[in-house]
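Visitor: I would like to learn how to read a model like this one. Please take me through it feature by feature.

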Amino acid sequence: MQKPYNEIILETSTLGIKFAFHTKESGYSPLHWHEEMEILYPLNGESDVLIDGVSYRLKNKQLIVIDSQKIHSTHNYGEHSMFLCIHITKKALEWYFPKIQDYQIWCCPDTIPDEQFADYLKMNQYLQRVTELYITDSPTLLLESEGLVLQLLSCLLLHFSSDTAPLLSATDKLATDRIRQVIQYVETHYTEPVSLQEAAGLLGIGKEYFCRFFKKNMGVSFLQYANQVRASHIYQDLIHTDLPIGEIMEKNGFTNQKLCNRTFKELYGCTPSKIRKSI
């Protein structure tokens with residue numbers, strides 16, 4: 001089976017800016033986080049982006065910024081969704097803007113006020129130009145693209161950021177660190193029969209407290225989240241391999257077909273067998 005997924009990653013510059021052009025089939029990417037700030041610019045289709053528990057609709061040619069260390073997920077609806085994805089390492093830009101680590105950046109098309117629309121439109125035009133440079137295979141692609149992103153970042157810091165947000169309390173920071181630990185644990189062990197006891201033990205807390213803590217911070221129970229991660233990997237295997245559906249389920253940690261089908265349908269609106277038949 002031919003793999004429809006494609007990712008073109010341009011070299012990461014010394015300024016800590018990485019450009020990537022993605023082509024992805026429709027589907028769900030589970031909650032995750034990273035140290036870099038992420039700028040997503042869809043070239044077609046629509047997606048839902050969940051950031052800190054709030055969902056935003058992302059349409060083509062409308063950028064969204066996901067600040068560093070924000071827990072987020074995406075759900076693409078186009079058959080083959082194309083994105084320009086830019087990761088920016090804030091620390092690498094401290095020479096230009098020493099306080100950049102103190103700034104929280106927020107830019108989402110759902111929440112742009114009228115007085116900031118011109119600036120938002122200008123930033124989208126920068127990314128449209130980056131896309132044109134890539135399509136035409138310009139010999140100055142990296143040079144000009146980096147300059148455009150620096151202009152975009154300047155606009156974000158001037159018009160879509162705040163340096164007055166209170167620092168995280170020790171309690172909030174501990175909660176964030178714990179959630180990241182659990183996310184990493186599930187992504188590493190989703191093929192195994194992970195349990196509440198193991199996850200709670202990872203954080204050194206009781207099972208009942210862990211259940212309340214996880215649901216409060218993630219919006220779903222721990223077992224729901226683990227099954228969503230499994231279902232997302234099943235989806236990829238359905239698209240990219242010819243393995244039997246039963247083998248794919250087992251390979252990705254599901255032992256209960258009914259539970260697998262229910263979780264899969266909640267995320268993708270149909271059963272795994274329907275996805276396989278549609279290919």
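This is a predicted model: local features need pLDDT of at least 70, side-chain atom pairs count only at pLDDT 80 or more; totals for chains, interfaces and linings use all residues.

Visitor: How many helices and strands does the protein chain have?

Guide: Helices (H or I, at least four residues) and strands (E, at least two) are DSSP runs, numbered from the N terminus. Here there are nine helices and nine strands. The radius of gyration, taken over C-alpha atoms, is compared with a globule rule of 2.2 Å times the number of residues to the power 0.38. The chain has a radius of 20 Å, close to the 19 Å the rule gives for 279 residues, so it is as compact as a globular protein of that length. Along the principal axes, its C-alpha atoms fill a box of roughly 50 × 50 × 35 Å.

Visitor: What share of the residues is buried?

Guide: Buried means under 20% relative accessible area, exposed over 50%, and partly exposed in between (1.4 Å probe, protein chains only). Buried residues make up 46% of the 279. Now take contacts, meaning heavy atoms within 4.5 Å. Among those between residues at least 6 apart in sequence, 69% join residues at least 24 apart.

Visitor: Which residues touch the most other members of the largest nonpolar core?

Guide: A nonpolar core is a set of buried Ala, Val, Leu, Ile, Met, Phe, Trp, Tyr and Cys residues joined through side-chain atoms within 4.5 Å. The largest has 34 residues, and Leu63 and Leu156 touch the most other members. β2 (17–32), β3 (37–42), β7 (72–88), α1 (117–135) and α2 (141–159) each supply at least two residues. The largest share, eight residues, comes from α2. Leaving aside neighbours within four places in sequence, Leu156 contacts Ile39, Val65, Ile105, Cys107, Met123 and Ser161. A second, separate core has 23 residues, including Tyr185, Phe210, Met218 and Val220.

Visitor: How many residues does α1 have, and what span does it reach?

Guide: The expected span of a helix is 1.5 Å times one less than its number of residues. α1 has 19 residues and reaches 27 Å from first C-alpha to last, close to the expected 27 Å. Its buried residues include Tyr120, Met123, Leu127 and Val130. Just after α1, Asp137 takes a positive phi of about 55°.

Visitor: How many salt bridges does a search of the whole structure find?

Guide: Side chains of opposite charge can pair when their charged atoms come close. A salt bridge is a side-chain nitrogen of Lys or Arg within 4 Å of a carboxyl oxygen of Asp or Glu. The search finds 10. One of them joins Asp67 and Lys90 (2.8 Å, N to O). Asp67 lies in the loop between β6 (64–66) and β7, while Lys90 lies in the loop between β7 and β8 (104–105), 23 residues apart. Asp67 is buried at 6% relative accessibility. Lys90 is also buried, at 6%.

Visitor: Which salt bridge does Lys122 make?

Guide: Lys122 meets Asp119 (3.9 Å, N to O). The two are three residues apart in α1, about one helical turn. Lys122 is partly exposed at 34%, whereas Asp119 is buried at 15%.

How values were computed: Residues are numbered from 1 along each chain as its sequence is written. Side-chain values use heavy atoms; hydrogens and water are left out.
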